[in-house]
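Please consult the sequence and the structure shown here while reading.

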Amino acid sequence: MKHIAVIILMIFLGGCSYLQNRYAQKPEIDLAEIHFQDTTALSTTMVFVLSVKNPNKIDLNVEEMTYEIQLDGKEFAKARSDKKTKIPAGETAKVEVPLPVNFLKAIGGITKVLGGEDVGYQIEGSAKVSGFTIPFNEKGQFNMSGLKK
């Protein structure tokens, strides 16, 4: 799960050629914590708190994010966040990435992940960073056993 949050933030803060050309260096991203909120019998919101270091000489302003995550071709989570975060030039800031999860929709993907099987994922959406809307779309495979190393 932390793998997904890191991928999301790397895609929209560092994976875009526009940002690489304008800001020169990708932000450094580490998972600081994960907590849950608004948990019910059928759903929860996982909040990934990422520590993002901006190595550039220009502030990054994360203004908005929209994203959808699919596991094995099925919707896992879909979200929009208007939480504004400023990552000052040369400094580190915390960025929260909420991930609402419906247990019934996610059961197939979660079962595979927990069973150590390869799971296909797709993350798509857009981020508004420093006044520019940057679309992203990433596909891949991950395996929970690879995260334990």
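Leaving aside neighbours within four places in sequence, which residues is glutamine 122 in contact with? In this predicted model, glutamine 122 is in contact with Glu68, Ile69, Gln70, Asn137, Glu138 and Lys139, once those neighbours are set aside. Glutamine 122 is found in strand β7. Its relative accessible area is 16%, and because buried means under 20%, glutamine 122 counts as buried.

Strand β7 covers residues 119–129 and also holds glutamate 124. Glutamate 124 has a relative accessible area of 32%; it is therefore partly exposed, since that class lies between the limits of 20% and 50%. Not counting residues up to four places away in sequence, glutamate 124 touches Thr66, Tyr67, Glu68, Phe136 and Asn137.

| Residue | Relative accessible area | Class |
|---|---|---|
| Glutamine 122 | 16% | buried |
| Glutamate 124 | 32% | partly exposed |

The largest nonpolar core has 28 residues, of which Tyr67, Phe76, Ile87, Val97 and Leu99 touch the most other members. Two or more residues of this core come from each of β2 (43–53), β3 (60–71), β4 (74–81), β6 (92–102), β7 and β8 (132–142). Strand β3 gives the largest share, 6 residues. Tyr67, listed among these core residues, is also one of the residues that glutamate 124 touches.

Definitions and conventions:
Residues are numbered from 1 along each chain as its sequence is written. This is a predicted model: local features need pLDDT of at least 70, side-chain atom pairs count only at pLDDT 80 or more; totals for chains, interfaces and linings use all residues. Side-chain values use heavy atoms; hydrogens and water are left out. Helices (H or I, at least four residues) and strands (E, at least two) are DSSP runs, numbered from the N terminus. Buried means under 20% relative accessible area, exposed over 50%, partly exposed in between (1.4 Å probe, protein chains only). Contact means heavy atoms within 4.5 Å. A nonpolar core is a set of buried Ala, Val, Leu, Ile, Met, Phe, Trp, Tyr and Cys residues joined through side-chain atoms within 4.5 Å.
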